[in-house]
Structures are given as structure tokens and as C-alpha cells.
Amino acid sequence: MEIYLDNAATTRVCDEAAKTAFETMTSFYGNPSSTHTKGREAAVVLTKARGQVASALGCKPSELFFTSCGSESDNWAILCGAEAMKHRGRHVISSLVEHDAVRKSLSELERRGFEVTRLAPEADGSISVSALAEALRPDTVLVSLMTVNNETGGITDIAAMRRLLDERGSFALLHTDAVQAFMKLPFTAKGCGADMISISGHKVHAPKGIGALYIKSGVKIKPYILGGAQESGLRAGTEAMPQIAAFGTAAEIAHARFAETQKQLSELRAYTAERLTSLIPQLVLIGGGAPHILSVSLPGWRSEVLMNFLEADGIFVSRSSACKKGARSHVLEAIGLPSKVIDGALRISFSRYNTTDDADALCASLLRASQTLAHR
């Protein structure tokens with residue numbers, strides 16, 4: 001038995017995307033910048049994939065630029081976005097609960113002389129509009145806030161942040177890390193109003209090694225990687241065509257099935273939460289909102305021990321973001337949870353391949369763990 005419930009870390013590549021990647025590697029393997037037949041064939045594949053992902057995101061294909069991953073997209077948006085605006089100010093606003101790709105980019109901006117304000121989260125890991133309103137200054141040039149917190153599933157209202165900036169007459173660029181929101185929440189680039197949006201392929205059943213950055217028409221930032229003229233001159237390097245083509249296929253499928261999948265995930269999350277709390281009264285639910293992430297804790301038990309127990313039953317979950325590699329969650333600390341709750345936290349995350357049978361197996365295994373393992 002293998003039950004994979006760590007889909008916020010990465011997802012299984014769907015068969016259709018894997019087939020597309022294989023066909024691209026073996027049949028349409030030309031360099032899309034080449035002018036011969038094989039190059040032109042590859043260019044057609046590239047154009048199709050860009051349109052598929054852009055359609056899923058709700059933007060123009062010309063506003064979408066392929067990157068290697070969500071982290072690169074975050075780095076590019078934050079570092080180059082702030083640099084593009086520094087003639088108007090050096091104040092940046094973000095939060096205490098961002099992904100490390102954002103956090104470390106912010107630290108780099110501070111090294112370059114920018115001032116960064118990090119907003120405290122709400123109890124679910126989201127950021128309130130009032131917090132941004134209080135921190136916003138005339139010299140604020142960039143606001144970067146994730147749409148869905150990758151550990152708690154807390155949802156930040158990016159569209160409301162856009163309205164606030166407009167009401168205040170702020171010229172600050174608005175960036176959102178939407179890696180956990182893309183094809184999980186019903187949003188579009190136009191609807192949320194962000195100037196830059198980071199997304200990633202491997203969270204939506206595409207392979208690892210491919211992401212994208214949406215840059216709103218009219219927003220001018222410099223390339224993050226220098227070299228050739230790929231991606232309209234904004235992202236050098238020969239395009240990773242198999243990954244890009246697979247991303248297009250995965251995004252198209254996810255977009256077509258969006259309503260069905262969101263309903264499935266929401267019901268599965270609610271079912272699992274209800275079962276766990278009824279079976280294990282001492283279990284604590286953390287955060288919430290996003291349909292695919294359920295963060296829980298067994299205070300007094302250790303996350304690593306619980307994970308090992310579950311894995312012995314063929315069930316895979318995580319304790320926090322995979323990027324933390326076992327380090328303590330800065331997100332749960334920022335929320336202000338007690339140490340025992342943090343140390344016993346588990347992140348359960350679903351995909352369209354999960355079922356209520358998976359949830360039942362998880363609940364039964366975690367119940368046995370709580371009855372078998374000693375408190376720490």
C-alpha cells in the first residue's frame with residue numbers, strides 16, 4: 001500500500017503530461033530558436049504550451065515567462081522588481097510566513113540597502129489587509145505576499161491588497177507567490193490584480209524543473225538570467241521543452257477539471273478533519289482555507305516520530321515545507337503556536353488522485369500512533 005498525502009511538496013506527474021514530455025524529447029527535440037524545420041516544430045510546441053498555461057492563469061501568453069521553478073520566479077520578481085523601482089523608494093513589504101525563496105530574496109534586498117517590513121500573520125497564516133494598510137508608506141516600492149500559505153493553507157486576499165494600493169495611490173509593484181494557489185483556488189491574473197505572479201509546474205502534476213512568472217503588460221523589470229534572447233529577451237537559456245510542454249498539458253487538464261477537483265479536495269479535506277478530530281480528541285487543527293492543505297498537530301508527540309509511524313504503513317505526509325528539510329517551521333512560530341503544538345505538527349495535502357479510502361487509512365494509522373507512541 002502506498003498513500004501519498006504530501007502534494008503540497010510535489011505531485012505525481014499525470015500520465016498525459018509524462019506522455020507529452022516523452023513525445024517532445026523524442027520527436028520535437030529541436031531548439032525552438034533554430035530556424036530549420038526541427039526548430040520550427042519545437043517553436044510550435046512552445047507556443048502551444050505558453051497558451052495553455054496562460055489560459056489556466058487567465059493572462060495573455062505574452063505576459064507569461066517560463067522559468068526553472070517557483071523559487072526562480074520569486075527571486076526574479078522580488079530582486080528585479082525592487083531594483084526596477086528603487087529610484088522611487090527603497091521600502092519593501094512582505095510577511096513573516098513566506099516561502100524561503102521569498103524570505104532569502106528579502107534578506108538579499110536588505111543587503112543591498114532596502115528596508116523590509118515583515119507583516120505578522122493571522123492565526124491561519126494569512127495576512128490581513130489592515131496589516132498592509134498600517135505598513136504601507138509613500139516610499140514603498142514592492143509588496144510581496146503569498147496567496148496560499150504552503151504550510152497552513154491560510155488564504156491571503158491579494159485582490160483586496162490590490163484595491164488598497166490603488167485606493168492609496170501607491171505605485172508599489174504587487175507580487176504574489178501563487179505556487180500553492182494555482183489550480184487550487186478560483187483566481188485569475190486579471191482578477192487578483194497582481195503585477196507579478198509566481199507559479200510552479202510540479203504542484204499541478206507536471207514534472208519538476210519548470211515554473212513561470214506572470215509579468216503584467218507594462219511592468220518593466222530586467223532579466224534575472226542573462227544570455228540569449230529567449231522568453232522575449234527576459235529569461236536567457238534554451239527552453240526546457242519537455243518540461244514546458246508537459247506543464248502546458250498538466251495546466252490544461254487541471255483547468256478543464258478545476259471545478260470538479262476543487263469540490264473533491266474541499267470535501268476530502270473536510271471529511272479528513274472531521275474524522276481525525278472525532279477519533280483523536282487531543283488533535284489540534286491549524287489554519288485552514290485552501291482545499292488541498294490540512295495542517296494538524298498532536299501536542300506532546302514529535303512530528304518525525306509520527307511521520308515514521310505513518311510511513312511504516314505506507315502513508316506519506318510532511319511536518320512543514322519540504323524546503324525546510326527538518327528545520328522548525330518559521331510559519332507556525334510566527335503564528336504564535338505553543339512549542340508542543342509546533343513540534344507535533346503534520347501537514348496533510350491532497351491531490352485529485354486521493355480518495356476517502358486514503359483518508360480513512362491515514363486516520364486509522366494516526367489513531368494507532370497516538371495510542372502506541374509515548375508522549376515526548
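Which residue in E8 does threonine 67 stand opposite? I started my notebook with that one, and the residue is glycine 211. A reminder to myself before going on: this is a predicted model.

I looked at the pairing next. E2 and strand E8 (residues 211-215) run antiparallel to each other and share four bridges. I then checked which residues of E2 are covered, and both faces are: Leu64 and Phe66 are buried on one side, Phe65 and Thr67 on the other.

**Entry: the whole sheet**

Stepping back, I traced an open sheet of seven strands with mixed pairing, in the order E2-E8-E7-E6-E5-E3-E4. Strand E2 (64-67) and E4 are the edges; each has a single partner strand, so one side of each lacks a neighbour in the sheet. On average, neighbouring strands here are turned by 20 degrees against each other, direction ignored.

Then I asked what packs on this sheet. H3 does, touching E2, E3, E5, E6, strand E7 (196-200) and E8. The direction of H3 makes about 165 degrees with that of E7. Helix H6 (residues 158-168) also packs on the sheet, where it touches E5 and E6. For H6 I noted an angle of about 170 degrees with the direction of E6.

**Entry: a histidine in E3**

Is histidine 91 buried or exposed? I found this residue in strand E3, and it is buried, with a relative accessible area of 0%. I listed what histidine 91 touches, leaving out residues up to four places away in sequence: Glu115, Thr117, Ala135, Arg137, Asp139, Thr140, Val141 and Leu142.

**Entry: helix H4**

I checked the length of H4 (residues 100-111) against expectation. Its 12 residues should span 16 Å at 1.5 Å a residue, and the end C-alpha atoms are 16 Å apart, so the two agree. The buried residues of H4 are Asp100, Ala101, Val102, Ser105, Leu106 and Leu109. I remind myself that an α-helix has 3.6 residues a turn, so residues three or four places apart point the same way. The cover over the buried residues of H4 includes helix H3 (70-85) and helix H11 (330-335), along with strands E3 (91-95), E4 (115-119), E5 (140-144) and E6 (173-177). Just past the end of H4, I spotted glycine 113 with a positive phi of about 105 degrees.

**Entry: H10 against H13**

At what angle do the axes of H10 and H13 cross? For helix H10 (residues 303-312) and helix H13 (residues 356-372) I have roughly 130 degrees, with the axes coming within 10 Å. That angle makes H10 oblique to H13. The crossing is right-handed. On the H10 side, the contact is made by Leu306, Phe309 and Leu310; on the H13 side, by Leu362, Ser365, Leu366, Arg368, Ala369 and Thr372.

I finished with H13 on its own. Its 17 residues reach 24 Å from first C-alpha to last, close to the 24 Å expected at 1.5 Å a residue. Among the buried residues of H13 I noted Leu362, Ser365, Leu366 and Ala369. What covers the buried residues of H13 includes H10, helix H9 (258-279), and strands E1 (3-4), E11 (315-316) and E12 (345-349).

Methods: Residues are numbered from 1 along each chain as its sequence is written. This is a predicted model: local features need pLDDT of at least 70, side-chain atom pairs count only at pLDDT 80 or more; totals for chains, interfaces and linings use all residues. Side-chain values use heavy atoms; hydrogens and water are left out. Helices (H or I, at least four residues) and strands (E, at least two) are DSSP runs, numbered from the N terminus. The expected span of a helix is 1.5 Å times one less than its number of residues. Buried means under 20% relative accessible area, exposed over 50%, partly exposed in between (1.4 Å probe, protein chains only). Contact means heavy atoms within 4.5 Å. Two strands pair if DSSP finds at least two bridges between them. Axes are lines fitted to C-alpha atoms, for helices over the stretch in contact, and angles run from 0 to 180 degrees between N-to-C directions. Angles under 35 degrees count as roughly parallel, over 145 as roughly antiparallel, 65 to 115 as roughly perpendicular and the rest as oblique. A crossing is left-handed if the near helix is turned anticlockwise from the far one by less than a right angle, and right-handed if clockwise.
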